[in-house]
Every structure is written in C-alpha cells, then in structure tokens.
Amino acid sequence: MLWIFNYNLLAQEHVLGQESVDKIRFPKFYAQFSYGILGKINILNKELESIKIKNEQQYSFFTEHNLYKYMNAGFKFDVFYRELKDDSIHVKSKLAIFIKPFIPLYKDEVSLYTTFGGGIGNALLMPISSANLVGRNSLLMPSINIENSIGINYFPFFRFGFFAQANYITELNMGNRGNEDTRDLVWFIDHRLSLGGGLSFIF
C-alpha cells in the first residue's frame with residue numbers, strides 16, 4: 001500500500017482542483033513509424049548465405065508505465081513490411097517487453113532514453129522467393145528477437161507529445177526450404193537498423 005501511495009504521488013498531483021501530471025513517468029501510449037536504413041539476413045547453413053534487405057517499414061504500437069524513478073517498462077507490438085533484393089515481399093510481426101531507462105533534460109517535457117527488450121514473432125506472409133527460405137505451405141514461422149533503441153521524448157502539451165529514436169533489432173528465425181510435400185528447416189538471423197518517430201499520448 002505504501003508503494004502504491006508513493007507511486008501516485010510521483011505520477012500525479014492535484015493543485016487547486018486541476019490535475020497535474022509528470023509527463024515522463026505517467027502511463028503512456030505510443031504510435032511509431034520507422035524506416036530501415038540497413039538490413040541483412042544471414043542464413044545459418046553450410047554456405048552461410050547473406051541476403052540484403054532493400055526496403056523495410058516498421059509500424060509499432062506500445063505502452064509503458066513507470067517502474068522506478070528513472071525507469072519505465074512496457075509492452076510493444078510491431079509489424080514489418082519489407083522488400084528483399086529481388087523485390088519479393090516479406091511481412092512479419094513481433095511482440096516484445098522492454099525496459100526504458102531515461103534522463104530528464106528539461107523539467108518533465110524533454111527526456112533522453114534508451115530501451116532494452118525482447119520477445120517472440122512470426123512471419124505473416126510467405127514465401128520469400130529469392131531467398132528460397134520458406135515453402136508455400138509455411139504461413140507462420142516462429143522467431144525470437146532482441147531490440148535496443150536510443151531516442152528523445154518531447155512533451156510540449158498536457159497529454160500529447162512527440163518522440164524520435166534509432167532502433168537496432170536482431171532476430172533468430174526458423175524457415176522451411178521445402179515445398180508443400182517436404183520440410184527442410186533452416187535457421188536465419190536478421191540484423192536491422194532503422195530510424196523513426198511518432199506520437200505519444202498520456203492516458
């Protein structure tokens with residue numbers, strides 16, 4: 001009970017009947033768009049094949065809550081749409097949890113932060129024709145991922161703000177090089193670097 005009481009004092013206070021919130025630590029919802037600037041797939045077989053990711057777009061939705069004085073934590077859902085070197089399409093999703101240490105730079109309006117997280121994912125649409133990673137019968141292929149980011153948060157309004165960040169993701173995936181009748185499993189690793197930003201909302 002004492003911890004909950006201290007958290008409420010930290011997160012919000014009432015002054016003359018009007019609510020005042022700590023914009024850095026108050027629970028928030030984020031919507032983000034990122035564009036990949038570097039990306040590669042390494043196939044873990046005898047030939048050690050490498051495939052370049054030509055274009056990647058990332059759409060993210062996540063929420064966070066204050067964990068300690070200078071750390072938030074939350075949940076994140078991402079959808080990736082990307083093209084490989086031969087213009088074939090690869091669509092993926094992932095779900096992750098993260099921690100977010102931060103440093104306030106100006107009151108509760110501007111903060112510098114980094115995030116560390118990881119989770120699970122899957123491939124939504126297959127096959128990847130050029131990579132020949134997945135047969136036509138493979139609609140959902142699992143993966144595990146870790147992600148690190150660094151960014152800045154700016155909250156000029158009472159319950160509405162902006163942020164920009166750089167993201168680095170490493171993902172271990174399982175693929176199938178077989179067809180409708182055979183299975184030939186193979187592991188491959190994604191490495192992606194992207195830049196993005198979006199909107200943040202206090203709720």
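Lysine 94 has its place in strand 6, which spans residues 89-106; helices (H or I, at least four residues) and strands (E, at least two) are DSSP runs, numbered from the N terminus. This is a predicted model, in which local features need pLDDT of at least 70 and side-chain atom pairs count only at pLDDT 80 or more, while totals for chains, interfaces and linings use all residues. Residues are numbered from 1 along each chain as its sequence is written, and side-chain values use heavy atoms, with hydrogens and water left out.

**Lysine 94**

- Lysine 94 counts as buried because its relative accessibility is 1%, where buried means under 20% relative accessible area, exposed over 50% and partly exposed in between (1.4 Å probe, protein chains only).
- The side chain of lysine 94 is joined to that of aspartate 78 by a polar contact of 2.8 Å, and to that of glutamate 147 by a polar contact of 2.7 Å.
- A polar contact is a pair of N or O atoms within 3.5 Å; within protein, one must be able to donate a hydrogen and the other to accept it, and residues adjacent in sequence count only if both atoms are side-chain atoms.
- Leaving aside neighbours within four places in sequence, the residues in contact with lysine 94 include Phe80, Ile120, Asn145 and Ile169, contact meaning heavy atoms within 4.5 Å.

**Phenylalanine 80**

- Phenylalanine 80 is found in strand 5 (residues 71-84), and it is buried, with a relative accessible area of 1%.
- Beyond its neighbours within four places in sequence, phenylalanine 80 is in contact with several residues, among them Glu56, His90, Lys94 and Arg192.
- Although phenylalanine 80 and serine 60 are 20 residues apart along the chain, their C-alpha atoms are separated by 8.7 Å.

**The chain as a whole**

- The chain has one helix and ten strands, and 43% of its 203 residues count as buried.
- Among the contacts in the chain with a separation of 6 or more, 63% are between residues 24 or more positions apart.

**Lining by class**

- The lining of the largest cavity has eight nonpolar, five polar and four charged residues; a cavity is a set of points on a 1 Å grid over the protein atoms alone where a 1.4 Å probe fits but cannot get out, and lining residues have an atom within 4 Å of a point.
- Ala, Val, Leu, Ile, Met, Phe, Trp, Tyr, Cys and Pro count as nonpolar, Asp, Glu, Lys and Arg as charged, and the others, Gly among them, as polar.
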